[in-house]
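I opened this notebook page to record what I looked up in the model, one topic at a time.

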Amino acid sequence: MAINQSGWRPEMSAKGGETAPTFTGNKALMLEEKLIFEIGSSETTGVEVAEPVAATSRLGDLARTAPIGLPGLSEPETVRHYTRLSRQNYAIDLGLFPLGSCTMKHNPRLNEKMARLPGFADVHPLQPIDTVQGALGVIHQLAHWLVTLTGMHSVAMSPKAGAHGELCGILAIKAALEAKGEGQRRIILVPESAHGTNPATAAFAGFAVEDIPATADGRVDTDALIARLGPDVAGVMITNPNTCGLFERDLKTISDAVHAAGGYVYCDGANFNAIVGRVRPGDLGVDAMHINLHKTFSTPHGGGGPGSGPVVFSERLTAFAPLPFVEEQDGRYELVEEENAGEHHAQSFGRMVAFHGQMGMFTRALTYILSHGADGLRQVAEDAVLNANYVLRSLEDVLDAPFGKAGPCMHEALFSDANLADGFSTLDVAKGLIDEGFHPMTVYFPLVVHGAMLVEPTETESKAALDQFIGALRSVAERAKAGDASLKSAPHFAPRARLDETLAARKPKLVWKEPAPVAQAAE
Ligand SMILES: *Cc1c(COP(=O)(O)O)cnc(C)c1O
């Protein structure tokens, strides 16, 4: 039987494990695992709870009449169930995560150790201020670093993710415009290459969004943007470095023009990883920018959280920033809330969250910052950019790099599907990478490039790790260029073969239903 380049043989194809050649469906260490509803029973439990003392129910009609039907497993079965499921996942601790626009970097264990110190981990947001001086000190010190690194005037620490930070910044801009009696400014300009959260944020805050085109070299069209400014424009949202992995060199020119026209500049700072220690957004005229602690400052993320998106503000916008703030007075930390907001915060637009933000993320980010120091943070940016350019230059002979000719990239390398054989797509390359044991890169984003493949290696990968990834992507890309049909049905070695993506997205099965007695096994 012929073995092709990838080592895959046709008889090894197992759709959803159905045709796996073993009794159990397991393939050595790759273990099949059913849903907990299928293996558990309401008769089994891992804990023994004493019968409750009879009590009069006050639930009336609301009392449950049928058993709740939750599946139970013994303690070792429970541990095995979740451990087996976890092994079907890819993780930053298993290998390189090439996702562009995500900055999936190593999360140092020292950060975790600090975040788990009981004084931080067990702190309660309603504790008396006197008992949480250390925790407030962490917030205050981190805030100082963020303001210093960005060259801005103040920082709102409470937003809980990048998108939440965008909303915070845009609401401050809205409050500032209303304070000036310029509520008629209803339009926010957003470049075509923006992350989807940017237009979504502007729309959510009640603004109309207008696209600004990109130039042929992947940057915002400065002339088109400046030409659109006027008394109806509230501001712009620009990502720098942008989502094509390029530095927006004209940002200062753009900011000056936006300010002259009475608007504000929001910068999406999710890509700060590439410029930290080298560029201060405050020097570029930015009025508000969120920082994803879970990207630039190595706090763990994925699967939706937790995140943390502090927003730095220019002097123009500081008065409108949301509460609370931590302030130091005579060596003691105070929380500035609605009831004690002084004149500095009198125009605050309100608040973003009930309490003070993500304490665990603050502790991790400050640990990361202090263990690198100012010089180490600058090296983070330099190494991130070096690694991305190594990937770009190592693969541009096999994959089309649409902006490769225009010069070096920043922290991520962008490729397109232009060189693949007829009938082969970016999706096939991504699926092929799964068989090679890598999480795929970001695909089909940014939208300005056809069949985009966005690779962000981050600074935490060694040359050896990059070489292995480059070798794998090169091999898959060569197969896609040569029209290797087996790639069309990849992945072949993953627990599940290629899914019907449209069906999975449009009609996901989110609820388990007890199968009818004679029904076939649920797939
Ligand atoms: C990640 C990202 C966001 C959103 O950040 P979240 O923390 O995921 O809400 C916004 N813009 C860009 C460019 C990003 O990469």
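Before any helix pair, I noted how axes are handled: they are lines fitted to C-alpha atoms, for helices over the stretch in contact, and angles run from 0 to 180 degrees between N-to-C directions. Helices (H or I, at least four residues) and strands (E, at least two) are DSSP runs, numbered from the N terminus.

I am working with a predicted model, in which local features need pLDDT of at least 70 and side-chain atom pairs count only at pLDDT 80 or more, while totals for chains, interfaces and linings use all residues. Residues are numbered from 1 along each chain as its sequence is written, and side-chain values use heavy atoms, with hydrogens and water left out.

Entry on the helix pair. I looked up α11 (residues 359-395) and α13 (residues 463-482), and found that their axes come within 10 Å and cross at roughly 35 degrees. The crossing of α11 past α13 is right-handed, meaning that the near helix is turned clockwise from the far one by less than a right angle. For contact (heavy atoms within 4.5 Å), I listed N387, Y390, V391, S394 and L395 on the α11 side, which meet K463, L466, D467, I470, L473 and R474 in α13. By class, I recorded 6 nonpolar, 2 polar and 3 charged residues in this contact, where Ala, Val, Leu, Ile, Met, Phe, Trp, Tyr, Cys and Pro count as nonpolar, Asp, Glu, Lys and Arg as charged, and the others, Gly among them, as polar.

Entry on the sheet. I traced an open sheet of 7 strands with mixed pairing, in the order β1-β7-β6-β5-β4-β2-β3, where two strands pair if DSSP finds at least two bridges between them. Its edge strands are β1 (154-156) and β3 (208-212), each pairing on one side only, and the twist averages 25 degrees from one strand to the next. Within the sheet, β5 (residues 264-268) and β6 (residues 288-290) pair in the parallel sense over 3 bridges, and Y266 stands opposite A288 in β6.

Entry on helices against the sheet. I saw that α5 (residues 133-150) lies across β1, β6 and β7 (311-313), running at about 125 degrees to β1, whereas α9 (residues 251-260) lies across β4 (233-239) and β5, at about 145 degrees to β5.

Entry on N198. Is N198 buried or exposed? I found N198 in helix α7 (residues 197-204), and it is buried, with a relative accessible area of 0%; buried means under 20%, exposed over 50% and partly exposed in between, with a 1.4 Å probe and protein chains only. Leaving aside neighbours within four places in sequence, N198 is in contact with E166, V190, M237, T239 and D268.
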